Every structure is written in C-alpha cells, then in structure tokens.
Amino acid sequence: MIRKTAVQIGVAALFALIVWNGYVVVGYVKQMRRLAALTVQSSAIGAEISGVLKDLTDMEAGQRGYLITNNSSYLQPYTEAKDRIAADFASLREGLANRSERERSLELQVESLVNSKQSEMEHSIALRKQGYRHRAFKLLDASEGTEYIDQAREHLSSLLVAENGTLARIESERNAGLGRILKETVVVNLALLVLVGSLFVLVRDHGRVLEQEAVQSAKHLAAQEFQLASIMSALSNEARSKTSTIEANARLLLQEYGGFLPRHAHNCAEQIEEASSQLEQLRQDLVGDSRSSNDEKEQYEAVA
C-alpha cells in the first residue's frame, strides 16, 4: 500500500515537473520573441538616425558642389535628400514614440535645426542662381549656419549612442535569460532523471510484491482446493457406504421376503433399490468429473 501511494505521488510529481519544464521553455520563448522585437525596433531606429545623417551629408555636399561649380547636376543629391528627409524624420519620430522624453526632445531639436539649416541652404542656392556668388558663400560660411549642422549632428550622435546602449541592454538581458533558462533546464531535467529512476525502482519493487502476493494466493487457493477435495472424497465414501447398504438391504429384502410382502411394499422396496443404484451412479459421475478436472488442472500446471 505504501509503495502504491509512493508510485502515485511520484507520477504526480513527474507530471508536475514536465508541466513546469514546458512552462519555463514557453516563458523563455516569449521573452526571446520580445527581445527580438525590441532588437529589430532599436536597429530600425538606428538605421533611421543614420538615414537622417546621410540626408544632411548629401544636402550639404550638393549645396557646396553647386555653389562652387554652378553646375545644376550637383543639385540632384541635394534635391533627393531634401525629399527623403521629411519621411525619415517622420519614421524617426514614430520609432522614438516609446522612448524617453530626452530622446524625443533631441529628435525635435534636430528637426528644428535641420529646418533652419535647410532654409539657409535654400537661400544660398537661390543667391547662387541669381549670380550672387560672393553673397552665397558668405551665407554658407556664416557661423550660424555651421552651428545648425554641428548641433544637429551632435544630437543625432547622442540619439545613436542611446540606441546603441539600448541594444547593449537588450543583448545583456538576452544573455542573462539564456543563462537562467540553461540553469533551470538543467535542474528540472536532473530532477526528472532522478524521479524517473526512483519510479522505475518503485514500480519494479511493487511488481515483485504483487508477484509474490499472487504466488501466495495461488498456494492458499491450492491448499483450500486440496481441503475441499479431501472433504468431498470423505463425503463421497460415506455416501457410497450408505447407498451400498441401502441397496443391499433392499435387494436382500426382495430376495428373502419378496413373496410375503404386499404388492405396495414390494414396489417400495424395488424403488428403494433403484434409487440407491441411481444415487451411486450419480456419485460416481460427480467423482469422475472432479477427478477429470483435477487431472486437467495438473496437466495445465505441468505445461505452464
């Protein structure tokens, strides 16, 4: 009984460990998916910051090239960058929506500085187109315009550093989660191994106990059958003695006094003799069936 209870408790514990192991794995998978989404988001923000920086570089290079050469072909990268930068700022604002107030403030400052710088660029290009080369270069070399672009690049660099820090934190969290899941998995699997081994031993011992109990029960049943057979044999012999006596007395009665008995008494004596004979035949049939069953049982046990 104790072994059976221990096996039941062990099976319940085994099931609980399997469920816990699955829960740990599912939790780790969810965490990795969340970190992967954060990594993609942070990488996208970094790419958008780099895109804005490239737009600024292309606009500045196009402006300087046109002012120096008066060749309109240099305005193509400027125009393309000017068309892209609005969309790049919109994407950057959307990506920073869940970031800190400082990062969102830096983005707004960059956008304001770039707008101011873009106005200065448009003005210098317009002056160069009108033939005012000296005035255009004077506007280009003005400290105010240079400060716009320098501050914008500085703020964008700060945003890029912040995103790199975010990526580093995500990577650190991923490594910590990996180490934790490895430890928990090792512990749970070791517990499963020990529990399965213990259950195997308990089940094997319980099977041996059941086998021994079955052998004892078989021996007890065989002893009871032997006792029953002995009782039946004794009863059979007793019945045989009684029926033989009754049959012999009835036959003697008919032989010695059959001529003197009334017809009714003569018929009763014959019925007694016939009944005794039938009882003896019935007893012999029952004893024969019992012996046949015992022989078949002995043959089956011998084969087994």
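Trainee: Where does asparagine 70 lie, and what makes its phi worth noting?
Mentor: Asparagine 70 lies in the loop between α1 and α2. Its phi is near 60 degrees, a positive value in a residue other than glycine. This is a predicted model, in which local features need pLDDT of at least 70, side-chain atom pairs count only at pLDDT 80 or more, and totals for chains, interfaces and linings use all residues. Residues are numbered from 1 along each chain as its sequence is written, and side-chain values use heavy atoms, with hydrogens and water left out.

Trainee: Why is asparagine 70 called partly exposed?
Mentor: Its relative accessible area is 40%. Buried means under 20%, exposed means over 50%, and partly exposed is in between (1.4 Å probe, protein chains only). Asparagine 70 is therefore partly exposed.

Trainee: How many helices and strands does the protein chain have?
Mentor: The protein chain has six helices and zero strands. Helices (H or I, at least four residues) and strands (E, at least two) are DSSP runs, numbered from the N terminus. Read from that end, the elements run α-α-α-α-α-α.

Trainee: How do you know that the length of α3 agrees with its residue count?
Mentor: The expected span of a helix is 1.5 Å times one less than its number of residues. For the 29 residues of α3 that gives 42 Å, and its end C-alpha atoms are 42 Å apart, so the two agree. After α3 comes glycine 131, with a positive phi near 95 degrees.

Trainee: Which other residue forms a salt bridge with arginine 84?
Mentor: Aspartate 58 does, the closest N and O atoms being 3.1 Å apart. That pair links helix α2, which holds arginine 84, to helix α1, which holds aspartate 58, across 26 residues. Lys54, Asp55, Asp58 and Arg84 are linked in a network of salt bridges. A search of the whole structure finds twelve salt bridges.

Trainee: Why are arginine 104 and glutamate 101 described as about one helical turn apart?
Mentor: They are three residues apart in helix α3 (residues 101–129), so about one turn separates them. An α-helix has 3.6 residues a turn, so residues three or four places apart point the same way. The side chains of arginine 104 and glutamate 101 meet in a salt bridge at 2.7 Å, N to O. Glutamate 101 counts as exposed at 54% relative accessibility, while arginine 104 is partly exposed at 31%.

Trainee: What makes a set of residues a nonpolar core, and which residues in the largest core touch the most other members?
Mentor: A nonpolar core is a set of buried Ala, Val, Leu, Ile, Met, Phe, Trp, Tyr and Cys residues joined through side-chain atoms within 4.5 Å. The largest core has 30 residues, and Ile49, Leu56, Val114 and Leu156 touch the most other members. Helices α1, α2, α3, α4 (133–140) and α5 (143–257) each supply at least two residues of this core. The largest share, eight residues, comes from α1. A second, separate core of six residues includes Tyr28, Met32, Leu35 and Ile170.

Trainee: Which residues does leucine 156 touch?
Mentor: Contact means heavy atoms within 4.5 Å. Not counting residues up to four places away in sequence, leucine 156 touches Ile49, Val52, Leu53, Leu56 and Val110.

Trainee: With which residues is arginine 93 in contact?
Mentor: Arginine 93 is found in helix α2 and is partly exposed, with a relative accessible area of 36%. Leaving aside neighbours within four places in sequence, it is in contact with Glu107 and Glu111.

Methods: A salt bridge is a side-chain nitrogen of Lys or Arg within 4 Å of a carboxyl oxygen of Asp or Glu.
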